[in-house]
Amino acid sequence: MIASTSYLRRVLAADAVASGATGLLLAFGGDLLRGLTGLQAEFNRPAGFFLIAYAAAVAWVASRALVHGGFVWAIIGINLVWSAESIVMLVTGFLQPTALGYAFVVAQAVVVAAFAQLEFMGLRRSERVAG
């Protein structure tokens, strides 16, 4: 168990808000996004619903003063995989977005990687406790 610092809880809360907002946009704005970004609604909806559930889990972890460090490591790992996978889908041609869509995918990959780094820093600052 770790005693989460207020820094870690704030970073996790920001991750939850950003993930939830992106999830809502992808899940329920897929048709609008397709026209602007070239990203298929069939791809956006499942990703959006995943992000909504993920945001709820991250918000729960953010709300805890004491939490198992494994939860935070899982969040960091998911963020790193999401970020890398986003870039891989562009490089391999799996996604064929418009210029705006390309910028959207790259920007969210960078933001998600930054959250992983900030969460890692917060985890390192948190104190381990018996439990």
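The legends below accompany close-up views of a predicted model of one protein chain.

**Figure 1. Overview of the chain and its secondary structure elements.** The predicted chain contains 5 helices and 3 strands. Read from the N terminus, these elements follow the order β-α-α-α-β-α-α-β. Along the principal axes, the C-alpha atoms occupy a box of roughly 50 × 25 × 20 Å. The chain has 131 residues, and 39% of them are buried. Of the contacts between residues at least 6 apart in sequence, 75% link residues at least 24 apart.

Figure 2. Helix H1 covers residues 6-28. At 1.5 Å a residue, its 23 residues should span 33 Å, and the C-alpha atoms at its ends lie 32 Å apart, which agrees.

**Figure 3. The packing of helix H1 on helix H3.** Two packed helices are described by the angle between their axes and the distance between the axes. Helix H3 spans residues 41-62, and its axis lies 7 Å from that of H1, at an angle of about 160°. Because angles over 145 degrees count as roughly antiparallel, H1 is roughly antiparallel to H3. The two helices cross with a left-handed sense. Sorted by class, the residues in this contact are 17 nonpolar, 6 polar and 3 charged.

**Figure 4. The crossing of helices H2 and H3.** How do H2 and H3 lie relative to each other? Their axes approach within 9 Å and cross at roughly 125°; the two helices are therefore oblique to each other. The crossing of H2 and H3 is right-handed. On the H2 side, the residues that meet H3 are Gly30, Asp31, Leu33 and Arg34, while H3 contributes Ala41, Glu42, Asn44 and Arg45. By class, the contact of H2 with H3 holds 2 nonpolar, 2 polar and 4 charged residues.

Figure 5. Helix H4 comprises 23 residues. From first C-alpha to last, H4 reaches 33 Å, close to the 33 Å expected at 1.5 Å a residue. Which residues of H4 are buried? They are Gly69, Val72, Ile75, Ile76 and Asn79, together with Trp82, Ser83, Ser86, Met89 and Leu90. These buried residues pack against the strands S1 and S2 (66-67) and against the helices H1, H3 and H5. After H4 comes Gly93, which has a positive phi, near 85°.

**Figure 6. Val111 in helix H5.** Val111 is located in helix H5. Leu39 provides a reference point elsewhere in the chain: Val111 and Leu39 are separated by 72 residues in sequence and, from C-alpha to C-alpha, by 19 Å in space.

Note on methods
Residues are numbered from 1 along each chain as its sequence is written. This is a predicted model: local features need pLDDT of at least 70, side-chain atom pairs count only at pLDDT 80 or more; totals for chains, interfaces and linings use all residues. Side-chain values use heavy atoms; hydrogens and water are left out. Axes are lines fitted to C-alpha atoms, for helices over the stretch in contact, and angles run from 0 to 180 degrees between N-to-C directions. Helices (H or I, at least four residues) and strands (E, at least two) are DSSP runs, numbered from the N terminus. Angles under 35 degrees count as roughly parallel, over 145 as roughly antiparallel, 65 to 115 as roughly perpendicular and the rest as oblique. A crossing is left-handed if the near helix is turned anticlockwise from the far one by less than a right angle, and right-handed if clockwise. Ala, Val, Leu, Ile, Met, Phe, Trp, Tyr, Cys and Pro count as nonpolar, Asp, Glu, Lys and Arg as charged, and the others, Gly among them, as polar. The expected span of a helix is 1.5 Å times one less than its number of residues. Buried means under 20% relative accessible area, exposed over 50%, partly exposed in between (1.4 Å probe, protein chains only). Contact means heavy atoms within 4.5 Å.
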